[in-house]
Amino acid sequence: MAKLTGQCLCRSVICEVADQVVYSMKHHCSDCRRATGSAIKPFAGIAIEKLRLINGQDSLMKNGGDRAHAVHCARCGTLPYSLVG
Ligand SMILES: [Zn+2]
Ligand SMILES: [Zn+2]
């Protein structure tokens with residue numbers, strides 16, 4: 001099965017996810033703009049169970065509650081993934 005890999009700017013957080021995109025969107029609400037520092041946040045929706053953190057478990061900063069949150073690298077601020085409730 002094809003996998004997508006990603007890493008943050010400082011390379012502390014490395015994650016891998018199955019290439020099983022269910023939907024893709026560009027969101028431009030005020031929360032997405034604040035979280036990214038950009039006019040839009042483009043993202044692909046993939047079931048969270050398909051995500052595997054390869055490195056950086058101790059470098060994560062979770063912003064939000066258990067059901068929905070954004071996960072940033074605590075060192076460089078990159079937003080590698082978020083959980084949509
Ligand atoms: Zn980082
Ligand atoms: Zn948004």
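This is a predicted model: local features need pLDDT of at least 70, side-chain atom pairs count only at pLDDT 80 or more; totals for chains, interfaces and linings use all residues.
Read along the sequence, the protein chain follows the pattern β-β-β-α-β-β-β-β-β, which comes to 1 helix and 8 strands, where helices (H or I, at least four residues) and strands (E, at least two) are DSSP runs numbered from the N terminus. Residues are numbered from 1 along each chain as its sequence is written, while chains are lettered from A and ligands numbered from 1 in the order in which they are written.

An open sheet of 3 strands, with antiparallel pairing, has the order 1-2-5, two strands being paired if DSSP finds at least two bridges between them. Strand 1 (3-7) and strand 5 (51-55) form the edges, each pairing on one side only. Neighbouring strands of this sheet are turned against each other by 25° on average, direction ignored, with axes taken as lines fitted to C-alpha atoms and angles running from 0 to 180 degrees between N-to-C directions. Strand 2 (residues 14-18) pairs with strand 5 in the antiparallel sense over 4 bridges, and Glu 16 stands opposite Arg 52 in strand 5.

For the chain as a whole, the radius of gyration (taken over C-alpha atoms) is 12 Å, which agrees with the value near 12 Å for a compact globule of 85 residues, the globule rule being 2.2 Å times the number of residues to the power 0.38. The C-alpha atoms fill a box of roughly 35 × 30 × 25 Å, taken along the principal axes.
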